[in-house]
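Hi there,

Here is the structure I promised to pass on to you.

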Amino acid sequence: MDTEATPASTRDLSALPPDGQTSARTGAAHFGRHVCQFARAALIAYLVLLFVLAFAHSGREAVVRLEDFVQVRDGIVKVLTAALTVFVQFGVLGLLVALSAGPHAAPLSRSRRLAGGISMLLVGAVLFTLLSLVESGRMPGALAPICPFVGYVLGLWIGRACLWGGRAFGRSMLGLVAVLLVLGATAVGAWRLAIDSNPLPFQPPKVTSAEKRRLADLLEHTYRGNGLRQLRLTQHDVNLLLAMGMPQVFPLGKAQVALGEKTACGELSIGLGNDGAQQRWLNVRATCLAAITAGRLEIRCVECRVGRLSVPRFLLDVISPWLIAEVLADPDVQQVLAAINSVRLEPGVLEAVVTTGDLGDGSGRLSETVIPSLIARLGQKPDMAARTQVYIRYLVATAKHFPVEGRFEAFLQAAFDLARRRSTVEDPVLENRAAILALAVLLGHPRVETLIGPVTDQELRAMAKQNVGRVTLRNRRDWCQHFLVSAALALTLNQSLSDEAGVTKEELDAGSGGSGFSFADYLADRAGTLFALAATRDDLSARRMQDRLAARPNIDDLFPPAADLPEGIPDAILQRDYGGVKGQRSNQVIAEIERRLARCPGLW
């Protein structure tokens with residue numbers, strides 16, 4: 001027998017792997033096919049879910065709203081939450097796409113692996129674009145794909161590593177951890193460079209009573225003609241307005257602007273609270289090209305420095321259009337821009353031409369409706385329109401049964417009795433807030449409605465006019481208005497702005513043609529502010545106020561005697577005898593007012 005002759009069948013068998021390896025490979029391939037089939041079914045179901053969610057969210061408010069640029073902490077949390085959500089959604093999508101492709105029977109060339117990766121990325125891009133179109137009705141912006149793209153790529157990476165086997169999966173996870181560590185270290189370093197221990201060294205201009213009156217007169221009596229009002233503000237005027245407004249939005253904040261030819265160079269410092277024993281500051285310097293032509297805003301940030309961190313120009317070119325698009329998407333901003341015909345910047349001067357009547361009242365006063373709405377939305381308060389309307393309807397319907405005398409007390413009792421009954425299942429703080437806002441609309445001033453949204457209609461206003469009647473506080477109609485309007489401002493804006501509004505109004509009254517500065521009105525303003533805060537501080541305080549007022553309201557608990565306080569003080573006498581609103585004698589009267597308020601148990 002020829003030993004060198006080996007049958008073909010024997011040679012074929014010798015080329016095969018051992019039985020154990022064959023069984024393992026067969027089992028792995030079988031498992032891979034099952035994973036692939038399951039992943040494809042899961043991918044179809046997941047895509048259906050994503051499109052259903054996109055349809056459900058179509059027409060919702062933007063992720064970033066105008067107030068998020070001011071309510072920094074809430075805005076950051078909101079943006080990060082939305083970014084994390086879409087990151088996870090597309091991470092799962094990438095994982096399912098990778099698993100759906102299944103394992104390859106043989107190693108692929110580099111070109112084929114590259115082609116496969118590109119095709120998977122294109123699938124993700126198409127799906128993201130389709131989902132964006134379904135949800136928002138428009139193509140996504142330049143920044144929108146960043147989080148979904150990173151999540152999708154990460155999902156693809158993990159999915160392919162799972163198919164490659166345990167050792168490849170382990171290497172991929174180590175690489176992922178390394179990437180995350182680098183990104184975390186970069187974020188910490190950028191934060192340390194962006195945050196300073198001191199504010200910028202500039203000092204905002206001092207806001208005096210005379211300056212407030214001058215600005216009020218300038219804004220009120222501008223040139224009118226051909227349906228246009230022309231407003232010319234100097235750089236000093238703009239910085240005065242910033243000095244007045246910044247503390248109300250950022251209690252530890254200041255800003256100034258330098259106006260040039262079509263440019264505005266701004267500086268901003270915002271206190272971020274104490275980091276240990278040291279105050280931390282967000283300092284921003286930026287230069288922008290800006291103009292408004294025919295209601296169209298044109299703005300481009302050409303330079304920006306946050307703390308010691310200089311923002312790269314290419315990043316500014318990406319971020320600036322996105323920020324502008326988010327701001328311009330706001331309905332209130334759109335109304336304001338529709339009323340502004342043009343804005344032109346010159347060295348030290350801002351010129352604006354406003355079209356009268358575009359905001360509905362024909363007066364050209366932007367402050368009538370839209371500006372209060374914008375300000376109210378910066379107050380970090382929940383939407384109260386629907387809840388407030390319940391109280392208004394109830395009070396209007398029951399007001400016809402109130403006595404002629406003591407109607408103010410009757411309104412308080414009815415409103416807080418309803419609040420107490422509703423608080424058995426509702427939040428007592430929100431119920432008290434709605435009750436106060438309803439009282440402010442009915443008894444304070446109808447324009448309070450612009451701070452909370454539509455809460456009345458023509459029929460309800462007609463019923464209110466018939467049933468509410470004349471309501472006074474200590475026999476003074478104006479004190480009733482001061483008390484409740486200040487309470488509403490404290491709830492929709494903040495306490496400091498409510499107090500500032502009251503003082504500013506009295507300062508303007510002290511000028512020529514006004515009724516004069518009134519310390520009694522100031523007391524009414526402060527009492528209203530303290531009342532609103534006491535009624536909405538927490539659940540315990542809210543229920544205590546409900547029990548106090550729903551039983552039998554006592555005005556002495558809420559509003560001390562004020563008839564003996566000085567009123568009708570002209571500006572000349574206010575400056576000469578009182579040293580202005582911050583003078584020594586004014587401070588003495590205000591200290592007496594605070595002592596009286598401190599003796600009112602319902603205000604604390």
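The side chain of threonine 536 makes a polar contact of 2.7 Å with the backbone oxygen of alanine 532; by polar contact I mean a pair of N or O atoms within 3.5 Å, where within protein one must be able to donate a hydrogen and the other to accept it, and residues adjacent in sequence count only if both atoms are side-chain atoms. Threonine 536 belongs to helix H19 (residues 519-536); helices (H or I, at least four residues) and strands (E, at least two) are DSSP runs, numbered from the N terminus. With a relative accessibility of 11%, threonine 536 is classed as buried, the scale being buried under 20% relative accessible area, exposed over 50% and partly exposed in between, with a 1.4 Å probe and protein chains only. Beyond its neighbours within four places in sequence, threonine 536 contacts Val429, Asn432, Arg433 and Leu491, contact meaning heavy atoms within 4.5 Å.

Two notes on conventions. This is a predicted model, in which local features need pLDDT of at least 70 and side-chain atom pairs count only at pLDDT 80 or more, while totals for chains, interfaces and linings use all residues. Residues are numbered from 1 along each chain as its sequence is written, and side-chain values use heavy atoms, with hydrogens and water left out.

For the overall picture, the protein chain has 22 helices and ten strands. It has 604 residues, of which 41% count as buried. Among its contacts with a separation of 6 or more, 69% are between residues 24 or more positions apart.

Now the packing. The largest nonpolar core has 72 residues, and Phe408, Leu443, Phe531 and Phe559 touch the most other members. H19 gives the most to this core, with eleven residues. A nonpolar core here is a set of buried Ala, Val, Leu, Ile, Met, Phe, Trp, Tyr and Cys residues joined through side-chain atoms within 4.5 Å. Phenylalanine 559 is in contact with Leu473, Arg474, Trp479, Phe483, Leu523, Ala524, Ala527 and Cys600, leaving aside residues up to four places away in sequence. Apart from that core lies another, of 17 residues, among them Leu50, Phe90, Leu127 and Leu156.

H12 (residues 385-398) has 14 residues and spans 20 Å from its first C-alpha to its last, close to the 20 Å expected at 1.5 Å a residue; the expected span is 1.5 Å times one less than the number of residues. Its buried residues are Ala385, Thr388, Tyr391, Ile392, Leu395, Val396 and Thr398, and their cover includes H13 (407-422), H14 (428-444), H15 (449-452) and H16 (458-467). H13 has 16 residues and reaches 23 Å, close to the 22 Å expected. The buried residues of H13 include Phe408, Phe411, Leu412 and Phe416, and among the elements covering its buried residues are H12, H17 (477-492), H19 and H20 (539-551).

On the strand side, asparagine 283 lies in S6 (residues 278-293) and is buried, at 3% relative accessibility. Its side chain makes a polar contact of 2.9 Å with the side chain of aspartate 196, and a polar atom of that asparagine 283 side chain lies 2.8 Å from the backbone oxygen of asparagine 198. Glycine 266, in S5 (residues 263-275), is partly exposed at 25%. Glycine 266 and glutamine 256 are ten residues apart in sequence, with their C-alpha atoms 5.8 Å apart.

Which residues other than glycine have a positive phi? Lysine 262, with phi near 60°, is one of them; it sits in the loop between S4 (253-260) and S5 and is exposed, at 55% relative accessibility. Arginine 474 has a phi of about 50°, lies in the loop between H16 and H17 and is partly exposed at 31%.

Best wishes
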